[in-house]
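Here is a short briefing on one protein chain. Keep the structure open while you read.

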Amino acid sequence: MYSVRYTREAEQDLSRLYDFILTRDPDDLDPAAQALVAIRDGVRVLERSPYTCRKATPYSPYLRELVIPFGSAGYVALFEIDGPDFVTILAVRHQREDDYH
């Protein structure tokens, strides 16, 4: 079983995504909270089978992307498999964003 950890940048991405959803309706926290729950639930697959996720680049079998469905689109988590024990989430973006920030 792998331990999943987040870089500071990935944690900042989660905050940015949460804040973005709040700007759409500041009086309704539910969609933003539900998005974070969906992301955290989706990431759980990495604890058991990170190699089932698509490769982010053809040059490294350890750099991969996890697609996390949510609503009409979803999110993509860029992560790296760090040996037999750890998976590190490097970035998280909405599927409609251009690229990782």
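**Sheet, hairpin and helices**

The hairpin of β3 and β4 has 2 residues between its strands, and Gly71 in this hairpin takes a positive phi near 65 degrees. Note that the model is predicted. The points below go from the sheet to its strand pairs, then to the helices.

**The sheet**

- The sheet is open and is formed by 5 strands. Their order is β1-β5-β4-β3-β2, with mixed pairing.
- β1 (3-6) and β2 (54-55) stand at the edges. Each has a single partner strand, so one side of each is left without a neighbour in the sheet.

**Strand pairs**

- β3 and β4 run antiparallel and are joined by 8 bridges. In this pair, Ile68 stands opposite Tyr75 of β4.
- β4 covers residues 73-82 and β5 covers residues 86-94. These two strands pair in the antiparallel sense, over 8 bridges. Ile81 has Val87 in β5 as its bridge partner.
- β2 pairs with β3 over 2 bridges, again in the antiparallel sense. Here Lys55 has Arg64 in β3 as its bridge partner.

**Helices on the sheet**

- Helix α2 spans residues 30-43. It lies across β1, β3 (63-70), β4 and β5. Its direction runs at about 135 degrees to β3.
- β4 and β5 pair over 8 bridges, and helix α1 (residues 8-24) packs on the sheet, touching β1, β4 and β5. The direction of α1 makes about 30 degrees with that of β5.

**Helix against helix**

- Two packed helices are described by the angle between their axes and the distance between the axes.
- The axes of α1 and α2 come within 8 Å. They cross at roughly 150 degrees. The cut-off for roughly antiparallel is over 145 degrees, so α1 is roughly antiparallel to α2.
- The crossing of α1 past α2 is right-handed.
- Which residues of α1 meet α2? They are Glu11, Leu14, Leu17, Tyr18, Ile21 and Leu22. On the α2 side, the residues are Pro31, Ala32, Ala33, Ala35, Leu36, Ile39 and Arg40.
- How do the residues of this contact divide into nonpolar, polar and charged, and how many are there of each? The contact of α1 with α2 has 11 nonpolar residues, no polar ones and 2 charged ones.

Conventions:
Residues numbered from 1 in each chain as written. Predicted model: local features only at pLDDT ≥ 70, side-chain atom pairs only at ≥ 80, totals over all residues. Heavy atoms only, no water. Pairing = 2+ DSSP bridges. Helix = DSSP H or I, 4+ residues; strand = E, 2+ residues; numbered from the N terminus. Contact = heavy atoms within 4.5 Å. Axes fitted to C-alpha atoms, helices over the stretch in contact; angles between N-to-C directions. Parallel < 35°, antiparallel > 145°, perpendicular 65-115°, else oblique. Left-handed = near helix turned anticlockwise from the far one by under 90°. Nonpolar A, V, L, I, M, F, W, Y, C, P; charged D, E, K, R; others polar.
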